Amino acid sequence: MQVLLRQLAHSRSGDKGNTSNIAVIAYHADLYPFIREQLSVERMKARYDGLVRGPIKRYAVDRLGVLNFVCEGALGGGVSRNLCLDNYGKTLASAVLDLQIEIPDELASKLR
Amino acid sequence: MSIRIGSGSGWWGDRISPAEQSAREGRLDFLCFETMAEATISTAQVRARADASFPGYDTYLEDRMAAVLPHCVKNGTKIISNQGWINPVGAAQKVREMLDEMGCSHWKVAAITGAQVTDAVSSAGGTILETGADMTILGDSIISAEAYLGSDAIVEALRDGADVVITGRVADPSLFLAAMIYAFHWSLGDVTRLAQGSAIGHLLECGAQLTGGYFADPGVKDIPEPWNLGFPIAEVAEDGTAVFSKIAGTGGLLNRETVLEQMFYEVHDPANYITPDVVVDFTTAVIEEIEPDRIRVSGVSGKPTTDSYKVSIGAREGFIGEDMFFYAGPGARQKAELAKIILRERFKIVGLKAEDVRMDILGVDAIHGAATPALSCEPYEVAVRVAARCLEKVEALKVGREVDGMAVSGIASTGKRVPFQERVREVIGIWSTLVDKDRVTAKVQYF
């Protein structure tokens with residue numbers, strides 16, 4: 001079944017300079033492998049196309065069920081230079097949650 | 001033996017009443033305040049030059065201290081705070097004055113200086129980490145440069161009997177780690193304990209972001225009484241493991257999910273989170289839900305830290321002018337689109353010289369820009385928000401002037417605010433570099 005990432009995981013973004021990190025955290029260990037497999041750097045680049053202007057690097061922390069995406073060039077030059085109203089990029093973490101992830105039907109009970 | 005460390009603020013603008021509640025009821029040994037963002041020092045420098053009455057420390061210093069000092073004195077809770085900004089001595093003297101007025105002359109206040117390295121960095125040069133360019137290209141646009149100091153000077157002050165320690169720039173986790181090193185006599189070579197302690201500090205440094213703040217997502221991640229969030233408290237054992245909790249009866253939530261969100265907040269490589277004290281590896285962390293709103297964190301590992309301090313440099317880069325106006329009802333978005341065209345032409349007429357201009361329609365794509373999905377229906381109301389970054393203030397002021405013009409020379413039903421706020425702000429660009437630790441000397445003074 002196809003489900004929104006929002007039902008599998010939660011996310012938070014943080015700023016440092018012109019870089020935003022977006023941590024994607026699985027609600028359940030059984031869901032994490034599907035997120036890890038399908039939420040690639042390429043998919044993140046496509047979702048944030050035009051918004052994140054630099055490279056994206058992914059750190060997978062399997063023991064904790066977390067993917068940490070480090071997105072360079074995401075903050076319009078940095079918080080103080082950013083012409084976007086969301087100077088700190090606090091809202092960036094939410095965009096990823098509308099991506100679709102394919103999971104086995106039997107995991108439906110683990111979804112939010 | 002264990003110690004209880006409370007978080008008193010997650011940033012300058014944070015709420016004060018939860019800190020007071022933790023000071024009153026939290027049985028705290030230490031209460032730590034984190035009040036600085038990346039641009040705090042340079043913004044304070046600009047303000048200090050323009051405004052002789054600005055003391056250079058946290059503008060809420062007196063409010064925060066008035067709220068917690070009576071409880072801290074009564075309960076024997078030491079305070080560690082980075083509210084000193086560019087004037088830790090002035091902040092310490094203010095706290096001294098407040099303590100004396102309370103009849104607490106026995107309480108000792110320390111100020112830690114030495115983080116400001118503007119002259120050293122300006123003269124010695126170095127590489128700008130973001131661009132690889134030499135710092136000399138910044139020339140006299142540099143306003144300030146400050147090193148992120150570690151825990152050592154705070155520990156020294158505590159060992160000398162300080163009850164309140166006021167710092168300028170210090171790495172956020174170090175404010176908390178200092179309390180642990182002091183209380184448990186941890187060796188500076190014990191990287192596991194230093195890493196575990198720094199992780200505890202990292203989890204506490206943003207206040208309610210550990211206990212349900214910056215977290216609620218209605219219907220998916222709900223939070224009890226989100227208006228009443230308690231600030232986190234860590235009960236730290238000598239081995240560096242900690243149990244996080246909040247005051248009973250407060251709102252918010254403390255669970256594996258809130259802890260994980262904060263653990264990765266502002267972290268890049270989770271196996272190599274560099275602080276002045278240690279390199280933290282979060283990937284080995286063990287998070288256990290002991291009971292509702294009580295979480296144990298252990299297992300964090302570490303490596304010896306580097307020989308350099310990170311330095312944050314603030315440089316003058318110009319001005320941003322910005323304003324907004326509104327449309328509602330049928331055709332609101334079409335009016336906003338026409339307004340953008342009008343403004344673009346008027347900026348040409350007045351010869352706006354800008355490095356960058358941005359016009360957004362709030363309610364459509366102002367926040368996620370090009371990454372916004374296609375509209376599924378017409379918004380009933382929208383705002384047009386205009387911003388331009390300019391080298392000269394006189395240019396940035398043109399943004400607000402042309403938005404004013406939209407009032408009577410614009411489109412039907414243009415909603416506009418009374419101009420109640422400054423519509424131009426100075427841009428202090430932030431750059432980073434590294435400086436050898438042996439070139440920076442922290443100094444402790446007592447009051």
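# Checking the labels

Student: How do you know whether B:Asp293 is buried or exposed?

Tutor: B:Asp293 has 22 C-beta neighbours inside 10 Å and therefore counts as buried, since a residue is buried if 20 or more other C-beta atoms lie within 10 Å of its own, exposed if 12 or fewer, and partly exposed in between, with C-beta atoms placed from the backbone. This is a predicted model, in which local features need pLDDT of at least 70 and side-chain atom pairs count only at pLDDT 80 or more, while totals for chains, interfaces and linings use all residues. Residues are numbered from 1 along each chain as its sequence is written, and chains are lettered from A and ligands numbered from 1 in the order in which they are written.

Student: Where does B:Asp293 lie, and what is its phi?

Tutor: B:Asp293 belongs to the loop between β11 and β12 of chain B, and its phi is near 60 degrees, a positive value in a residue other than glycine. Most residues other than glycine have a negative phi. B:Ser413, in the loop between α11 (393-405) and β17 (415-416) of chain B, also has a positive phi, near 55 degrees. The element names follow DSSP runs numbered from the N terminus, with helices (H or I) of at least four residues and strands (E) of at least two.

Student: Why does B:Ser413 count as partly exposed?

Tutor: B:Ser413 has 13 C-beta neighbours inside 10 Å, and therefore it counts as partly exposed.

Student: What makes α3(B) and α4(B) oblique to each other?

Tutor: Helix α3 (residues 61-75) and helix α4 (residues 88-101) of chain B pack at an angle of about 40 degrees, with their axes 11 Å apart, where axes are lines fitted to C-alpha atoms, for helices over the stretch in contact, and angles run from 0 to 180 degrees between N-to-C directions. Angles under 35 degrees count as roughly parallel, over 145 as roughly antiparallel, 65 to 115 as roughly perpendicular and the rest as oblique, and α3(B) and α4(B) are therefore oblique to each other.

Student: Which residues of α3(B) and α4(B) meet?

Tutor: B:Leu61, B:Glu62, B:Met65, B:Ala66 and B:Leu69 in α3(B) are in contact with B:Ala91, B:Lys94, B:Val95, B:Met98 and B:Leu99 in α4(B), contact being C-beta atoms, placed from the backbone, within 7 Å. That contact has 8 nonpolar, no polar and 2 charged residues (Ala, Val, Leu, Ile, Met, Phe, Trp, Tyr, Cys and Pro count as nonpolar, Asp, Glu, Lys and Arg as charged, and the others, Gly among them, as polar).

Student: Why is α7(B) also called oblique to α8(B)?

Tutor: Helix α7 (residues 172-184) of chain B packs against α8(B) at about 125 degrees, with the axes 7 Å apart. This angle makes α7(B) oblique to α8(B), and the crossing of these two helices is right-handed. The residues of their contact divide into 8 nonpolar, 5 polar and 1 charged.

Student: What makes β11 and β19 of chain B edge strands?

Tutor: In chain B, 10 strands form an open sheet in the order β11-β12-β8-β7-β1-β2-β3-β6-β4-β19, with mixed pairing. β11 (286-291) and β19 (443-446) each have a single partner strand, so one side of each is left without a neighbour in the sheet.

Student: How do you know that β7(B) and β8(B) pair?

Tutor: Two strands pair if DSSP finds at least two bridges between them, and β7 (residues 233-237) and β8 (residues 242-245) of chain B are joined antiparallel over 4 bridges. Among the partners, B:Glu235 is bridged to B:Val243 and B:Ala234 to B:Phe244. The two strands form a hairpin with 4 residues between them, and B:Gly240 in the turn has a positive phi of about 90 degrees.

Student: What makes α9(B) mostly covered?

Tutor: In α9(B), 6 of its 8 residues are buried, namely B:Thr258, B:Val259, B:Leu260, B:Glu261, B:Gln262 and B:Met263. The cover over these residues includes β2, β3 and β5 of chain A together with α8 (191-204), β11 and β12 of chain B.

How values were computed. Contact = placed C-beta atoms within 7 Å. Left-handed = near helix turned anticlockwise from the far one by under 90°.
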